[in-house]
Amino acid sequence: MAGFKAAFCNEMFKLAKKKKMMAAAALSIVVVLAGQVAVTAVKHGLGLRVVGSTEFPLVVLSVFAYTILPLFATFVAIDMFSGEFSSNTMKLTLTRPVSRFGVFSAKVLNVAVFIAGNLLFVMMLSFLAGLAFNPSTLSPLGIARVVMSYAATFFPVFVFSLLVVLLCNVLRGGTSVFFASVLVFVGLNFLGVVFAPYSSLLITSMFDWYKLWISETVQLSKIFRQLLIMSGCGIMLFTAGYALFERKDI
């Protein structure tokens, strides 16, 4: 356990030093500000109140979950695996007194921490932006809906990042993994459109899983079914990724 904790802290320290963290924060701020500018322009230009203070974070999330979040989760996963393989720093990581499973788990957990942290950061920013322009629409129920939505978005994006981790251990080079991840992402979304009746089986179609949690009629059976699908995919992707990582020559 001590070895895993040390490996996790080491990976977190390396992640914090990445310039991509600043880029992710900057783009997150841009997304929130652009959304608020658009809402304000509609409000003053057409005299319509598009969203309230607790509805604005959901508007941001609907865009953020399909763009910035999976993009930077992909970058982080690539840096954690392909980046270290390419720079030969993975050898130094594996010389530490911790098993390969511990190293692999620490890296995956850091990807999860990044996704959760990015979601929390955007949620707080969008809350503040919404309150600044529509403070009168704040309500406890609205806050609960926003928190639940952002929390529910974590799981499908994390499962997609496990797919990227698997690709990192299949392909050589971060560029190859990135383009393969983009093709998989676009391909799954395309399949979700073409085969709409079966789209609920595709992980990318579950990025809006939060909508099931906050709808007027909560469909527990559908929520549970998609939870089982994501859990099964996550377990298989984690296991396959670790199996390849364990056999990989450093």
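**Close-up views of a helical chain**

Of the chain's 250 residues, 44% count as buried, where buried means under 20% relative accessible area, exposed over 50% and partly exposed in between, with a 1.4 Å probe and protein chains only. The model is predicted, and local features need pLDDT of at least 70, side-chain atom pairs count only at pLDDT 80 or more, and totals for chains, interfaces and linings use all residues. Residues are numbered from 1 along each chain as its sequence is written, and side-chain values use heavy atoms, with hydrogens and water left out.

**Figure 1. Overview of the chain.** The chain has ten helices and zero strands; helices (H or I, at least four residues) and strands (E, at least two) are DSSP runs, numbered from the N terminus. Along the sequence the pattern reads α-α-α-α-α-α-α-α-α-α. Of the contacts with a separation of 6 or more, 81% join residues 24 or more positions apart, contact meaning heavy atoms within 4.5 Å.

**Figure 2. Packing of helix H4 (residues 68-87) on helix H8 (residues 174-194).** The two helices pack at an angle of about 150°, their axes 9 Å apart. Axes are lines fitted to C-alpha atoms, for helices over the stretch in contact, and angles run from 0 to 180 degrees between N-to-C directions. H4 is therefore roughly antiparallel to H8; angles under 35 degrees count as roughly parallel, over 145 as roughly antiparallel, 65 to 115 as roughly perpendicular and the rest as oblique. The crossing of H4 past H8 is right-handed, a crossing being left-handed if the near helix is turned anticlockwise from the far one by less than a right angle, and right-handed if clockwise. H4 contributes Leu71, Thr74, Phe75, Ile78, Ser82 and Ser86 to the contact, and H8 contributes Gly174, Val177, Phe178 and Ser181. By class, five residues of this contact are nonpolar, five polar and none charged; Ala, Val, Leu, Ile, Met, Phe, Trp, Tyr, Cys and Pro count as nonpolar, Asp, Glu, Lys and Arg as charged, and the others, Gly among them, as polar.

**Figure 3. Packing of H7 on H8.** The axes of H7 and H8 come within 10 Å and cross at roughly 140°, so the two helices are oblique to each other. Their crossing is right-handed. Phe160, Leu163, Val164, Leu167 and Cys168 of H7 meet Val177, Ala180, Ser181, Val184 and Phe185 of H8. This contact has nine nonpolar residues, one polar and no charged.

**Figure 4. The largest nonpolar core.** A nonpolar core is a set of buried Ala, Val, Leu, Ile, Met, Phe, Trp, Tyr and Cys residues joined through side-chain atoms within 4.5 Å. Among the 70 residues of the largest one, Val60, Phe81, Phe114, Ile115, Tyr150 and Phe245 touch the most other members. Helix H7 (residues 140-168) supplies the largest share of this core, 14 residues. Tyr150 lies in helix H7 and counts as buried because its relative accessibility is 3%. Beyond neighbours within four places in sequence, Tyr150 is in contact with Pro57, Val60, Leu61, Leu119, Val122, Met123 and Ser126.

Figure 5. Not counting residues up to four places away in sequence, Asn110 touches Phe8, Glu11, Met12, Leu15 and Met80.
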